[in-house]
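Hello,

Here is the structure we talked about passing on. Please open it alongside this note, and what I found follows below.

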Amino acid sequence: MINNTTGEEALTRYSCLFALESAVSYDAGAQWLLKTGKIAKVVSAALKDTSSYVLEAACRFLVAIIENRGIEKTTTHDALMDTLLESISLYSLIHSMISDQTSERDRLAGLEFLWMVIDARSGRCTAFLKQSKLFFSYMSLLTDDSRLVRSRSLDIFSILLDSTPYPLGILGSDKDTSSTMDVDRSEDEALVECCNYLIEHDIRSLMAQSDSLKALHVATGMLDAMIKPLATHKEMHGQGPQFKDIILSIVLWIIQALQEHTKGQQTEWQHIHAGTVTVKGHGQLAGLLNSKGFQFLTKTNSKAKPARGAGSRGGTLPKTVVLSALKALQNLGLLFPDTVEQSVSINIVLSILFDTKLCADQRVFKACLATLPIVLKTKVRNGHLLDGQLFSSAMKVVMKLLNEPTSSSTLLRLILTAIQEFFADDTLGRVLVQENVGRDLAESLEIKLYDKEWDVRDNVVEFIGGLFAPVSSFLFTWAVEYAFEKLNDIYIA
């Protein structure tokens with residue numbers, strides 16, 4: 001079995017590594033493997049294997065060794081790891097892989113191992129990462145020219161913040177501002193230190209690159225990764241609300257900086273214009289983003305054509321950054337509705353829908369319509385709508401999109417899905433079926449029922465039918481008074 005781990009067939013190599021993973025989970029299996037003296041050869045070959053399946057099996061095999069290492073006494077698994085560290089310098093081998101700028105495949109292979117280790121979410125794996133210092137170069141990986149490397153690095157970064165009590169120890173011990181040992185600090189204190197460092201050092205350095213959309217994209221992804229840990233540690237010695245406000249305001253600032261409207265569009269959406277977003281906080285990042293003209297500079301630079309290259313894969317586009325920011329805004333709306341409710345999130349989302357250049361991409365249009373119900377629901381408290389005027393403005397924008405004669409069936413489906421989300425909330429649904437709004441919606445649907453394209457008509461009929469699962473009294477009333485009346489008129493005609 002040991003010899004076949006370097007055989008010709010990838011399936012054979014994978015099967016042998018899979019069997020070794022199971023065997024090494026037991027002390028007897030670990031002792032047998034140690035006595036063969038071939039573990040270094042097996043691991044070094046497997047980590048460089050051209051098959052992704054073999055690489056995955058090799059990473060799981062290594063994680064199994066790490067997971068079974070002793071805590072209070074030395075075990076056979078510790079001896080196996082010591083052998084790897086001495087024979088092939090495992091730390092150096094992985095580090096050389098993730099820092100190899102000549103091979104994207106090697107960087108991704110090294111990151112696959114790091115992802116497997118951190119995704120185990122165990123104390124032993126956390127200790128391994130801290131001791132190995134393999135993720136100290138996280139900023140280089142997050143800003144790599146390869147989109148695949150950046151994406152995988154962000155996955156690791158997100159899991160790290162969500163699952164590790166003391167993330168700064170893994171991101172770099174020199175970044176740990178505390179003079180005490182980790183055991184002397186609470187997890188909340190550690191997260192406060194981590195958030196402070198990430199925002200005032202890493203995010204600030206990325207945002208300062210006003211001419212780099214890639215840097216903006218990375219910053220947005222890092223901000224999104226910080227949201228879930230904040231929800232887990234809500235208090236954070238009273239600083240939790242501060243971080244939520246800062247992250248939300250930065251996300252909104254980024255979205256606003258990347259929007260582009262004509263003078264006619266600006267006049268049209270003037271009633272929902274939010275003004276320039278002010279970033280919360282008193283640190284250097286807030287000072288930078290709130291400085292006069294910096295958002296305009298970012299907006300101007302974002303219009304420049306991104307540099308092309310084999311590594312950059314065509315560069316980062318504004319829509320890519322906006323998509324990432326909308327994802328973060330959705331998470332904020334779901335986890336921190338009170339914070340989002342007090343912001344201009346709804347206005348910002350509505351203004352995107354007026355940006356014909358951004359919304360020309362269906363992914364942005366879909367993400368925007370998916371975000372709108374989430375942020376609107378934050379305006380509902382105890383069955384009451386806090387801002388009826390803003391909801392009315394939002395519905396005017398949605399109705400305008402619905403009545404657009406050039407909308408394709410795909411866009412129509414996205415719009416109707418957003419409206420269906422409004423109906424799913426009792427409070428928003430009851431407002432939506434009120435006489436004026438309800439009749440306008442029914443009339444717009446009637447026009448679409450006469451559309452010459454069968455898929456447009458089919459989408460409307462499917463939408464009306466989907467409103468009654470489950471049935472609610474106010475929806476039934478609206479359907480009888482308006483929607484079914486229109487369908488009946490068409491049937492008679």
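Predicted model: local features only at pLDDT ≥ 70, side-chain atom pairs only at ≥ 80, totals over all residues.

**What turned up**

Lys 133 sits in the loop between helix 8 and helix 9.

**Loops and backbone angles**

Lys 133 is not a glycine, yet its phi is positive, near 60°. For context, most residues other than glycine have a negative phi. Is Lys 133 buried, partly exposed or exposed? Its relative accessibility is 46%, so Lys 133 counts as partly exposed.

Ser 137 belongs to the loop between helix 8 (123–132) and helix 9 (138–142) too. Ser 137 has a relative accessible area of 25%, so it is partly exposed.

Arg 121 is in the loop between helix 7 and helix 8. Arg 121 has a positive phi as well, about 55°, and it is not a glycine. At 45% relative accessibility, Arg 121 is partly exposed.

**Overall make-up**

The protein has 493 residues, and 50% of them count as buried. It contains 27 helices and two strands. Take the contacts between residues at least 6 apart in sequence: 70% of them join residues at least 24 apart.

**Helix 1**

Does the length of helix 1 agree or disagree with what its residue count predicts? Helix 1 has 15 residues, 10–24. At 1.5 Å a residue they should span 21 Å. The end C-alpha atoms are 21 Å apart, so the two agree.

The buried residues of helix 1 are Arg 13, Cys 16, Leu 17, Leu 20, Glu 21 and Val 24. Around the axis they cover an arc of only 145°, so they lie on the same side of helix 1. They pack against helix 2 (27–36), helix 3 (39–47), helix 4 (52–67) and helix 5 (76–87).

Which residues of helix 3 are buried? They are Ile 39, Ala 40, Val 42, Val 43, Ala 46 and Leu 47. Looking down the axis of helix 3, these buried residues fall within an arc of 165°, so they line one face of the helix. Their packing partners are helix 1, helix 2, helix 4, helix 5, helix 6 (90–98) and helix 7 (104–119).

Ser 51 lies in the loop between helix 3 and helix 4. Its relative accessible area is 13%, and Ser 51 is buried because the cut-off for buried is under 20%. Leaving aside neighbours within four places in sequence, Ser 51 is in contact with Ala 10 and Arg 13. Arg 13 is one of the buried residues of helix 1.

**Helix 5**

Helix 5 has twelve residues. From its first C-alpha to its last it reaches 16 Å, close to the 16 Å expected at 1.5 Å a residue. Its buried residues are Thr 76, His 77, Asp 78, Leu 80, Met 81 and Leu 84. What covers them includes helix 1, helix 2, helix 3, helix 4, helix 6 and helix 8.

**The largest pocket**

The largest pocket has a volume of about 600 Å³. It is lined by 25 residues. Of these, the closest to its centre are Leu 154, Gly 221, Asp 224, Ser 324 and Lys 327. Which elements give two or more residues to the lining? They are helix 10 (147–163), helix 13 (213–232) and helix 18 (318–335). By class, the lining has nine nonpolar, seven polar and nine charged residues.

With a relative accessible area of 13%, Ser 324 is buried. Apart from neighbours within four places in sequence, Ser 324 is in contact with His 217, Thr 220 and Gly 221. Gly 221 is also among the residues closest to the centre of the largest pocket.

Best wishes

Technical notes. Residues numbered from 1 in each chain as written. Heavy atoms only, no water. 1 Å grid on protein atoms, 1.4 Å probe; cavity = no way out; pocket = protein on both sides within 12 Å on 5 of 7 lines; lining within 4 Å. Points joined across faces, edges and corners; volume = space filled by probe spheres on them. Helix = DSSP H or I, 4+ residues; strand = E, 2+ residues; numbered from the N terminus. Nonpolar A, V, L, I, M, F, W, Y, C, P; charged D, E, K, R; others polar. Expected span 1.5 Å × (residues − 1). Buried < 20%, exposed > 50% of the residue type's maximum accessible area, 1.4 Å probe, protein only. Arc of directions from axis to C-beta. Contact = heavy atoms within 4.5 Å.
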